[in-house]
Every structure is written in C-alpha cells, then in structure tokens.
Amino acid sequence: MNRNEMQHVFFGNVARLIRWMQDHYSDYWVVGGDLWRDREVYKQIGKGSGVSLHFDRLAIDIPMVHREKKTLAADSELYRPAGTYWKSLHPLNRWGGDIPGDGNHFSMSPDGRI
Ligand SMILES: [Zn+2]
C-alpha cells in the first residue's frame with residue numbers, strides 16, 4: 001500500500017470513527033483536533049518528536065467535551081471503547097491510549113509507531 005492509498009484508507013476509517021463516537025458518547029461533543037502537522041514548523045518551534053504520524057497525515061486527535069460540564073475529556077480510559085472500535089477497523093490501526101495519556105489520538109501505522 002503506498003502512502004496516498006494508506007492516507008485514503010485511514011481517512012475513510014476516521015469518518016467511521018467520528019460517527020461511531022458521536023453515536024456512543026451521547027454525553028459529549030465530539031470535536032476535531034490535530035490531523036496534519038507541518039514537520040518544518042514543528043522543527044522551527046522545537047516541538048514534536050519528529051516521528052509523529054501526524055506529519056504523515058496518518059494520525060488524528062479527536063477530543064471530546066462534556067456537554068454539561070463543558071470540560072475537555074482528558075481521561076484516556078474514557079476513549080478506550082473508541083480505541084477498541086478503531087483497532088477493529090484495520091490491522092494497522094493504533095490507539096494512543098495504549099501509551100498512557102494519549103487517548104484521543106488515533107493512527108494508522110506503517111511501522112508500529114502510534
Ligand atoms: Zn495525536
């Protein structure tokens with residue numbers, strides 16, 4: 001699978017994930033977060049590991065905001081059902097919650113990075 005084909009499959013699965021999250025987390029607003037990050041900009045500001053799948057358009061952050069409390073859902077475990085669903089969509093899909101503290105991060109990994 002070449003990079004563009006992988007991005008295509010990834011993005012289609014992101015659409016499924018967003019819908020799934022909206023259907024299953026009724027107490028939350030499912031909102032958009034980081035998708036693509038510009039490697040050069042991140043290099044200039046001294047941020048990022050340089051190996052993030054966000055640089056390759058193969059990772060997305062999908063935070064949720066509690067509808068009543070209006071607070072960002074920061075507990076990774078809250079995202080675990082979404083992570084399990086995400087990983088069921090493709091064998092290369094990885095969930096950030098498998099690294100403690102990054103539950104709203106979903107990626108498709110060509111090489112095991114999350
Ligand atoms: Zn991320």
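The following legends describe close-up views of a predicted model.

Local features are given only where pLDDT is at least 70 and side-chain atom pairs only at pLDDT 80 or more, whereas totals for chains, interfaces and linings use all residues. Residues are numbered from 1 along each chain as its sequence is written.

**View 1. An open sheet of 3 strands has the order 2-5-4.** Pairing in this sheet is antiparallel; two strands count as paired if DSSP finds at least two bridges between them. Helices (H or I, at least four residues) and strands (E, at least two) are DSSP runs, numbered from the N terminus. Strand 2 and strand 4 are the edge strands, each with a single partner strand, so one side of each has no neighbour in the sheet. On average, neighbouring strands of the sheet are turned by 15 degrees against each other, direction ignored. Such angles are taken between axes fitted as lines to C-alpha atoms, for helices over the stretch in contact, and run from 0 to 180 degrees between N-to-C directions.

**View 2. Strand 5 (residues 105-108) is joined by bridges to strand 2 and to strand 4.** Strand 2 (residues 59-61) runs antiparallel to strand 5 and is joined to it by 3 bridges. Within this pair, Ala59 stands opposite Ser107, and Ile60 has Phe106 as its bridge partner. Strand 4 (residues 93-95) is likewise antiparallel to strand 5, with 3 bridges between them. Here Arg94 has Ser107 as its bridge partner.

**View 3. The side chains of strand 5 point two ways, and all are buried.** In a regular strand the side chains alternate between the two faces of the sheet. His105 and Ser107 point one way from strand 5, while Phe106 and Met108 point the other way. A residue is termed buried if 20 or more other C-beta atoms, placed from the backbone, lie within 10 Å of its own, exposed if 12 or fewer do, and partly exposed in between.

**View 4. Helix 3 (residues 80-89) has the buried residues Ala82, Gly83 and Trp86.** Seen down the axis of helix 3, its buried residues fall within an arc of 100 degrees, so they line one face of the helix; the arc is that of the directions from the helix axis to the C-beta atoms. Thr84 and Ser88, on the other side of helix 3, are exposed. The buried residues of helix 3 pack against helix 1 (3-24), strand 4 and strand 5, where contact requires C-beta atoms, placed from the backbone, to lie within 7 Å.

**View 5. Helix 1 and helix 3 lie across strands of the sheet.** Helix 1 lies across strand 2, strand 4 and strand 5, and runs at about 145 degrees to strand 5. Helix 3 lies across strand 4 and strand 5, and runs at about 165 degrees to strand 4.

**View 6. Arg57 and Lys70 have positive phi values.** Arg57, a residue other than glycine, has phi near 55 degrees. Arg57 belongs to the loop between helix 2 (39-44) and strand 2, and counts as partly exposed because 17 C-beta neighbours lie inside 10 Å. Lys70, also not a glycine, has a phi of about 60 degrees. Lys70 is in the loop between strand 3 (64-66) and helix 3, and is exposed, with 8 other C-beta atoms within 10 Å.

**View 7. Asp75 lies in the loop between strand 3 and helix 3.** Asp75 counts as exposed because it has 11 C-beta neighbours inside 10 Å. Asp75 and Gly101 are 26 residues apart in sequence, and their C-alpha atoms are 7.3 Å apart in space.

Note on methods:
Contact = placed C-beta atoms within 7 Å.
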